[in-house]
Each structure stands twice: as structure tokens, then as C-alpha cells.
Amino acid sequence: MNCNTDCTCIEIRCKRCKRLLMKGVVKNVEIKCPKCGYIQMFEETKLIKNSR
Ligand SMILES: [Zn+2]
């Protein structure tokens, strides 16, 4: 990643197959993985907590 340390930009990966789904600032999204079809929810607060 080319982000600064205080940036909330993060990589979103499929929980099942680890495919990179998107990259950027996330609030609350539901996304379906195009590879394995797994539908998953991502929340900003949880992601920031996990990435640090
Ligand atoms: Zn997947």
C-alpha cells in the first residue's frame, strides 16, 4: 500500500479465498466475491481494528 500511516485506506480481501476484492475507504459494505461467490460484510471499525 502507498498510504500514509494515518490513512484509513485498506485492502479488502475475501474471507474464504483471500482474493483482493477492493482497496480504499470502507464504511459499511456487503460484497460478493466474484471468484468464489461468497457474500461478506465489512465494517470500517472492525477493519481498522484488525489492520493494526
Ligand atoms: Zn472468494
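Colour the protein chain by secondary structure and read along the sequence: the pattern is β-β-β-β-α. That gives one helix and four strands; both are DSSP runs numbered from the N terminus, helices being H or I of at least four residues and strands being E of at least two. This is a predicted model, in which local features need pLDDT of at least 70, side-chain atom pairs count only at pLDDT 80 or more, and totals for chains, interfaces and linings use all residues. Residues are numbered from 1 along each chain as its sequence is written.

**Whole chain**

Keep the whole chain selected for two totals. Of its 52 residues, 4% are buried; a residue is buried if 20 or more other C-beta atoms lie within 10 Å of its own, exposed if 12 or fewer, and partly exposed in between, with C-beta atoms placed from the backbone. Among the contacts with a separation of 6 or more, 12% are between residues 24 or more positions apart; a contact means that the C-beta atoms of two residues, placed from the backbone, lie within 7 Å.

**Strands 1 and 2**

Select 10–13 and 20–24, which are strand 1 and strand 2. They pair in the antiparallel sense over four bridges; strands count as paired if DSSP finds at least two bridges between them. On strand 2, Leu-20 is the residue opposite Arg-13.

Next, select Lys-18, in the loop between these strands. The two strands form a hairpin with six residues between them. Lys-18 has a positive phi of about 70 degrees although it is not a glycine. Most residues other than glycine have a negative phi. Is Lys-18 buried or exposed? With 11 other C-beta atoms within 10 Å, Lys-18 is exposed.

**Strands 3 and 4**

Move on to strand 3, residues 28–32, which runs antiparallel to strand 4 and is joined to it by five bridges. Two pairs can be picked out here: Val-29 stands opposite Phe-42 of strand 4, and Ile-31 faces Gln-40 of strand 4. In a regular strand the side chains alternate between the two faces of the sheet.

Strand 3 and strand 4 also make a hairpin, with six residues between them. Select Gly-37 in its turn: the phi there is positive, about 80 degrees.

Finish with the cover over this pair. Strand 3 is hardly covered, since the count of buried residues among its five is zero. Now select 39–43: how many of the five residues of strand 4 are buried? The number is zero, so strand 4 lies largely in the open.
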